[in-house]
Amino acid sequence: MEDNNVKEKKHFFHKKEKKAEVAEVPKKKKKVWLIVLVIAAIVIVLIGSTVKNMTSQIETAANMVEIEPVEKRDLSDSVSLKGTIAGQSKTNVMSLAAAEITAVNVQVGDIVKEGDPLVTLDQKDIEKQIAELKTNINNANAVAANDEAQKQNSLTQNKQDQQDALDAAQKTIDKAQADVDKYKKKVSECEDYIYYLKNNHKDTSEYDGKLDVFKSSLETAQNALDSANDNYASVLKNTDRSVASAQNTVDMQKYQASTTTESKLEQLQKQLADCTLSAPIGGVVTAVNVSVGDKNTAGTTMITIEDTSSLKVIVNVEEADILKIQEGMPATVSTDATGDEEIKGTVTRVVRVKNQSTNTNGTDTNTSSGYSAEITIDNTELLVGMSAKAKIVIKDRGTQLAVPYDLIRQDDNGDSYVLVAEANEDGTATAVRKNIKVGEEVDYYTEVTGGDLKEGDQLIYDNT
């Protein structure tokens, strides 16, 4: 246990360092005249088996001391941080139109509603381009329609030519088939007659010669039929290629007509729509990057709006504390504008990457220490950009009976106690020892878990 002089020094400096973190500011201490009765028991060490009697010495002194009632205090572990009020989300307003700005309807700090006019750009040049393009499109469409008609006629002609060629080839096949059928019949009839003559023992030489002629004619007719079928297949193959080529030309014509003009017109129409910009969300204007007369560059942020329907505090977190903080932890926030009011909040995001921005829903706030956290708060009346102090509760212990740790004493047996002032009838007070059991030490205070001390006792703050 440290002696009282060391404790007093530690008490003084600790109070200076922890002033911002103590949950409750101590009340102004009262002073009373105190009659201090110190009962010192001198124990004579046992020599051999003989024990001497205990003697008592009483000293009395008068002194003016400071006292304060013993109270229950919030002993929760917390981390105190500094930060800035911000909207829950940030929206950057941009335009695709590469045109001159003719009107800027807002200034930084203005509160806007969704749909309020923000910026107007000169749309005359874009309208002129659209009109010229539509004229070109109409002309191109007329030319394309004529070209398409010609290609369609070519396709129709190719199909007709194919049909004519196939019809002619089919006629050749039909004629050759008729010849084959005719000579097959004559061969069959001649063979039957020869068979009849032989059965009647007659001469067949005349008909044998005719049979040879008929067979030769049948072979010639069959060769002609085979040739006609081959020709039909060849005609079909060649004309199919011609028809397919003509069909492809027609299809490509339609594709080219749709892709070369409509895309550019669509882009111009989007630019025209972007010549009149309205607020996409309600909130406060935090940045205006353009002026009347400027030439807009597509994709450049013109206006920034922060959604203030709900607010958050973006706090800087030191390296020693970043691992303690978790999403969902409760927090309280205070600002100069709200005085002693404690605004409830919840940790909704922790950025554990050094030198990164929070970048939540478009909000970019760089932190000086490299780590940061976001605390969503209930208050919506604060203004974006206000400085704030936040206290994140790491471990919630609730309110417990507690005393300043440097007022706790220990006797020779190691038992802890404090001195409290009990009032006398003459207006003075007597210092009385109250035994205590101590728990955890949190900041400047130590938890009292048991003993004689009770809430309201007048704790003596003078160690002399």
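Predicted model: local features only at pLDDT ≥ 70, side-chain atom pairs only at ≥ 80, totals over all residues.
I started with strand 16 (residues 409–410) and strand 17 (residues 416–423), and found them paired in the antiparallel sense over two bridges.

Next I looked up who faces whom here: Gln 410 stands opposite Ser 416 in strand 17. The hairpin has five residues between the strands, and there I saw that Gly 414 takes a positive phi near 85 degrees.

Then I followed strand 17 onward. How many bridges join strand 17 to strand 18? I got eight, with strand 18 covering residues 429–442 and the two running antiparallel. Ala 423 has Ala 429 of strand 18 opposite. Strands 17 and 18 also make a hairpin, again checked at the turn: five residues lie between them, and Gly 427 has a positive phi of about 90 degrees.

Strand 17 had another entry, with strand 20 (residues 458–460): two bridges, antiparallel. In this pair I noted Ala 421 opposite Gln 458.

I found three strands in an open sheet, ordered 5-7-8, with antiparallel pairing. Which strands stand at the edges? Strand 5 (101–104) and strand 8 (276–278) do; each has a single partner strand, so one side of each is left without a neighbour in the sheet. I put down the twist too, which averages 15 degrees from one strand to the next.

Last, I checked how strand 5 meets strand 7 (residues 117–121): they pair in the antiparallel sense over three bridges. For Ala 103, the bridge partner in strand 7 is Thr 120. As a reminder on what holds such pairs, strands of a sheet pair through backbone hydrogen bonds.

Definitions and conventions
Residues numbered from 1 in each chain as written. Heavy atoms only, no water. Pairing = 2+ DSSP bridges. Helix = DSSP H or I, 4+ residues; strand = E, 2+ residues; numbered from the N terminus. Axes fitted to C-alpha atoms, helices over the stretch in contact; angles between N-to-C directions.
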